[in-house]
Amino acid sequence: MANGFWSKLKKPIFALAPMADVTDAAFRKIIAEYGKPDVMYTEFVSADGLCSPGRERLLLDLKYSKAERPIVAQFFGANPEHFTRVAELAGELGFDGIDINMGCPDRTIERQGGGAALMKNTKLTREIILATRRGAGNLPISIKTRIGYGKNELKTWLPCLLETEPAAIIIHARTRSEMSDVPARWETIKEAVEIRDRYDSSPDRALIIGNGDVATLADAETKIRESGADGAMIGRGIFGNPWLFNRKLSNPVALEKKLKVLFEHAVLFEKMFTGKKSFDVMKKHYKAYANGFPGAKELRMELMSTKNAAEALAIIERHFLNI
């Protein structure tokens with residue numbers, strides 16, 4: 001089993017979750033500078049799309065910088081042949097690993113047979129993993145999934161994945177049906193670890209990374225310790241907080257610094273994506289950066305109308321003078 005970079009990481013492992021229109025190359029570069037996690041993931045990218053005439057547009061989602069390494073390319077879809085081809089592409093682009101999305105609850109993706117729908121089709125699941133391996137060369141393969149579709153199915157679902165010998169399995173501690181409407185049940189991550197250990201006790205066994213409702217690094221450490229997981233993946237906690245994974249940070253980030261990084265983020269987004277992605281994507285970040293201080297609401301409201309980084313800077317400077 002080729003575990004690649006995963007076998008070199010010191011435990012506990014902290015990973016950045018892939019989030020569409022959030023963890024793009026601009027935000028990941030900011031995170032890498034201010035609080036780099038052990039593993040970074042791209043946004044998920046359509047394997048079908050990369051094998052279509054729309055390929056060039058989607059390649060934008062596979063941009064990354066050396067500072068982000070180890071960096072994993074995540075793909076979704078339901079066509080095994082396409083997974084072989086995108087795995088080859090990941091190798092050509094120099095990625096450190098490949099991840100197959102088997103947990104996304106988006107109905108459009110599910111109608112194509114991908115994402116969480118794969119939990120209902122173990123035959124296709126195996127075909128996709130093996131097809132990915134054919135194209136991956138020496139790149140390790142990981143799988144991001146959930147504990148089940150309509151109910152906890154770890155006892156049957158997890159062994160199905162383990163027998164394909166992935167390097168790591170990232171498990172969101174909810175079912176697909178639960179979406180994010182209920183608290184993540186980290187006791188199921190402990191169950192997953194126990195199943196993995198019964199299935200394989202070798203040193204190079206698949207890593208189990210827990211995911212769901214992890215707000216801080218301290219919270220992640222507690223959940224890892226209690227579940228016995230090899231690590232944790234954090235998603236929403238990164239919003240407005242590129243320092244999240246910074247283990248050396250002992251004091252809260254000063255407001256001035258936070259707003260400077262907000263502007264830096266906006267400039268980087270503009271530089272990388274002008275004419276390719278709408279600047280409106282930054283609005284998700286404005287809501288998170290501008291939060292929890294006097295005048296934050298007013299600042300957010302004004303930032304939501306900006307169309308470029310220069311407008312954002314003018315608003316930030318004006319508000320900062322009044323804080």
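**Entry 1: Ser46**

I began with Ser46, which touches Leu58 and Phe76 when residues up to four places away in sequence are not counted; contact here means heavy atoms within 4.5 Å. The model is predicted, so local features need pLDDT of at least 70, side-chain atom pairs count only at pLDDT 80 or more, and totals for chains, interfaces and linings use all residues. Residues are numbered from 1 along each chain as its sequence is written, and side-chain values use heavy atoms, with hydrogens and water left out.

I found Ser46 in strand β2. Helices (H or I, at least four residues) and strands (E, at least two) are DSSP runs, numbered from the N terminus. Is Ser46 buried or exposed? Its relative accessibility is 15%, so Ser46 counts as buried. Buried means under 20% relative accessible area, exposed means over 50%, and partly exposed lies in between (1.4 Å probe, protein chains only).

I also looked up a polar atom of the Ser46 side chain, which lies 2.9 Å from the backbone nitrogen of Gly49. A polar contact is a pair of N or O atoms within 3.5 Å; within protein, one must be able to donate a hydrogen and the other to accept it, and residues adjacent in sequence count only if both atoms are side-chain atoms. From Ser46 to Ile128 I noted 82 residues in sequence and 14 Å in space, C-alpha to C-alpha.

**Entry 2: the sheet**

In what order do the 8 strands of the open sheet stand? I read the order as β1-β8-β7-β6-β5-β4-β3-β2, with parallel pairing. Two strands pair if DSSP finds at least two bridges between them. β1 (13-16) and β2 (40-46) are at the edges and have a single partner strand each, so one side of each is left without a neighbour in the sheet. On average, neighbouring strands of this sheet are turned by 25° against each other, direction ignored.

Phe75 stands opposite Ile100 in β4. Helix α8 (residues 187-199) packs on the sheet and touches β6 (168-172) and β7 (207-211); the direction of α8 makes about 170° with that of β7. Axes are lines fitted to C-alpha atoms, for helices over the stretch in contact, and angles run from 0 to 180 degrees between N-to-C directions.

**Entry 3: β6 and β7**

β6 and β7 pair in the parallel sense over 5 bridges. I looked for His172 and found this residue in β6. The bridge partner of His172 in β7 is Asn211. His172 has 10% relative accessibility and therefore counts as buried. Leaving out residues up to four places away in sequence, His172 touches Thr145, Arg146, Ile147, Met179, Ser180 and Asn211.

In β7, 5 of the 5 residues are buried, so this strand is largely enclosed by the rest of the structure. Leu207, Ile209 and Asn211 point one way from β7, while Ile208 and Gly210 point the other way.

**Entry 4: helix α1**

How many of the 11 residues of helix α1 (residues 25-35) are buried? I read 9, so α1 is largely enclosed by the rest of the structure. Among the buried ones are Phe27, Arg28, Ile30 and Tyr34. Their cover includes β1, β2, β3, α10 (255-273) and α11 (282-289). At the N-terminal end, Asp24 caps α1, with a side-chain oxygen 3.1 Å from the backbone nitrogen of Ala26.

**Entry 5: the whole chain**

I listed 13 helices and 8 strands in the chain. Of its 323 residues, 55% count as buried. The C-alpha atoms fill a box of roughly 60 × 45 × 35 Å along the principal axes. Among contacts between residues at least 6 apart in sequence, 70% join residues at least 24 apart.
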